[in-house]
Amino acid sequence: MNQRPDAVLTDQVQNGRGGPHGARLLHGWYSTGGRADLAEHLHRYGPPPLPPGRRPATQLIQAVEESGLTGRGGAAFPTGRKLRSVSEGRGPAVVVVNGMESEPASRKDEVLLDLAPHLVLDGAALAASAVGAAAVHLCLPRTRAEQVRRLTAAVEERGRAGLDRIPVRVHALPHHYVSSEETSLVRWLNGGEARPMATPPRPFEKGVDGRPTLVDNVETLAHLALIARYGAGWFRGTGRPDAPGTTLVTLSGAVRVPGVYEIPLGTPLGSVLDSAGGVAEPVQAILVGGFFGSWLPAAPAAGVPFTKTDLAAAGAGPGAGVLVALPQDACGLAETARVLDHLAAQSARQCGPCRFGLPAVADDLIQLAWGPTDSALIERLHRRTGQLPGRGACRHPDGAARLAATALHAFADDVHHHLTSGPCAAAGRRPVLPVPDAQGPESEGWR
């Protein structure tokens with residue numbers, strides 16, 4: 001996407017398409033067409049409804065549990081369960097707000113922090129009060145220096161207004177693919193490198209400074225801020241009973257208006273793409289979830305509801321809320337090879353699957369996409385993608401293997417063509433997926 005995140009939203013407002021689903025997180029933007037500073041935020045929502053006292057706010061945790069809110073950072077874990085687990089830990093807790101968004105095809109967290117930062121900060125304050133936290137850490141990528149500056153100013157303004165009883169610190173971290181993993185954030189905040197750690201213990205048991213730690217995505221906390229104001233029943237008023245609420249998605253590829261959109265969970269993928277003005281040209285496949293996601297053939301995928309359960313049945317998952325419509329004249333094998341090359345370069349180099357397995361799979365896919373091929377290539381690829389999952393120190397090799405395996409299935413005809421006739425003409429076209437330059441994290445460092 002070449003447009004700024006808010007440029008697409010501005011176009012929606014000007015054309016009367018703002019908030020077609022009763023937008024919640026982006027409601028303020030759709031109403032005013034401007035970023036919500038603290039004065040506008042307080043005018044619209046008032047101060048965060050902080051419960052009395054400093055110990056666990058059981059009513060808020062119960063409301064979040066009843067709402068059915070799940071994490072919007074990729075795992076879709078029940079948020080209420082995380083809150084309760086941390087609140088029941090020993091000693092003062094810590095809240096970590098994850099705004100790293102290392103998924104290259106995603107812009108939703110950047111947009112939300114840009115347009116409604118105080119909803120996120122309200123959610124952090126409420127979560128901190130609910131779990132009995134003594135500190136809140138907001139983690140952002142240092143590559144977004146202007147956003148770090150704005151969020152730091154927003155935190156300071158809230159402090160002067162006396163809104164947050166628990167101190168909030170803004171941190172700028174190295175922006176690598178694995179640095180947004182929750183244990184990477186904990187490790188960095190503890191003075192180490194922004195690389196994943198082996199578990200257990202999980203952060204909710206022993207995280208920052210050895211304390212019970214709640215790590216939540218910025219979108220999750222913004223939803224929590226609205227649930228605290230309007231209740232679980234309100235939250236469940238959209239979406240589906242088994243998948244309530246709205247979610248932010250980043251739409252790109254062969255759609256007319258790429259950008260960030262808010263949709264009810266349960267919306268069929270075809271209708272989600274319609275939110276972006278519909279497809280601009282014939283589509284052969286949809287990448288669901290991002291670089292750790294899955295390729296689904298376009299025709300059957302169009303009717304699949306956007307929920308964790310329905311996507312799982314189709315062989316995919318919501319991931320970072322990414323949908324990329326791959327045009328018919330693109331080469332899915334070449335697109336996947338570029339992504340795997342990037343993921344191999346971005347690994348933490350902490351285990352065999354990342355040091356050896358991922359580069360081997362990437363090399364195989366590069367060979368399949370652009371040649372020359374050999375008779376054992378496909379058998380080798382299937383074997384390697386089957387060996388990677390579950391063997392790494394983190395989930396990095398799992399996600400990469402899933403993407404590669406689904407590409408071999410979704411683009412089976414192309415696989416046959418590349419093996420028998422050589423690379424297709426589309427393999428040399430301009431890439432559709434926003435793959436950064438394939439350089440390793442060592443160029444910037446882990447600290």
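**Aromatic pairs, a mixed sheet and enclosed spaces**

Me: How many aromatic pairs does the structure hold?
Reply: In this predicted model, local features need pLDDT of at least 70 and side-chain atom pairs count only at pLDDT 80 or more, whereas totals for chains, interfaces and linings use all residues. Residues are numbered from 1 along each chain as its sequence is written, and side-chain values use heavy atoms, with hydrogens and water left out. Rings of Phe, Tyr and Trp (the six-membered ring of Trp) pair if their centres lie within 6.5 Å, and planes under 30 degrees apart count as stacked, over 60 as edge-to-face and the rest as tilted. The number of aromatic pairs held by the structure is three.

Me: Why is the pair of Tyr-230 and Trp-234 classed as it is?
Reply: The ring centres of Tyr-230 and Trp-234 are 5.0 Å apart. Their planes stand at 55°, so the class of this pair is tilted.

Me: Is Trp-234 buried, exposed or partly exposed?
Reply: Buried means under 20% relative accessible area, exposed over 50%, and partly exposed in between, with a 1.4 Å probe and protein chains only. Tyr-230 has a relative accessible area of 40% and is partly exposed. Trp-234 has 30% relative accessibility, so the class of Trp-234 is partly exposed.

Me: Which parts of the chain does the pair of Trp-295 and Phe-411 link?
Reply: Trp-295 and Phe-411 form an edge-to-face pair, 5.2 Å centre to centre with 70° between the planes. Trp-295 is buried at a relative accessible area of 2%, and Phe-411 counts as buried at 2% relative accessibility. Helices (H or I, at least four residues) and strands (E, at least two) are DSSP runs, numbered from the N terminus. The pair links distant parts of the chain, 116 residues apart, namely strand β10 and the loop between α18 and α19.

Me: Which strands are the edge strands of the five-stranded open sheet?
Reply: Two strands pair if DSSP finds at least two bridges between them. The order of the sheet is β8-β7-β11-β9-β10, and the pairing is mixed. Each edge strand pairs on one side only, and these strands are β8 (259-264) and β10 (294-297).

Me: Which residues lie nearest the centre of the largest pocket?
Reply: On a 1 Å grid over the protein atoms alone, a cavity is a set of points where a 1.4 Å probe fits but cannot get out, a pocket is an open set with protein on both sides within 12 Å along at least five of seven lines, and lining residues have an atom within 4 Å of a point. The largest pocket has a volume of about 1300 Å³, where volume is the space filled by probe spheres set on grid points joined across faces, edges and corners. Of its 49 lining residues, those nearest the centre are Gly-73, Gly-74, Ala-75, Ala-76 and Arg-395.

Me: Which element gives the most to the lining of the largest cavity?
Reply: The whole structure has four cavities of 30 Å³ or more, and the largest cavity holds about 80 Å³ of space. At least two lining residues come from each of α2 (27-32) and α3 (38-45). With three residues, the element that gives the most to this lining is α3.
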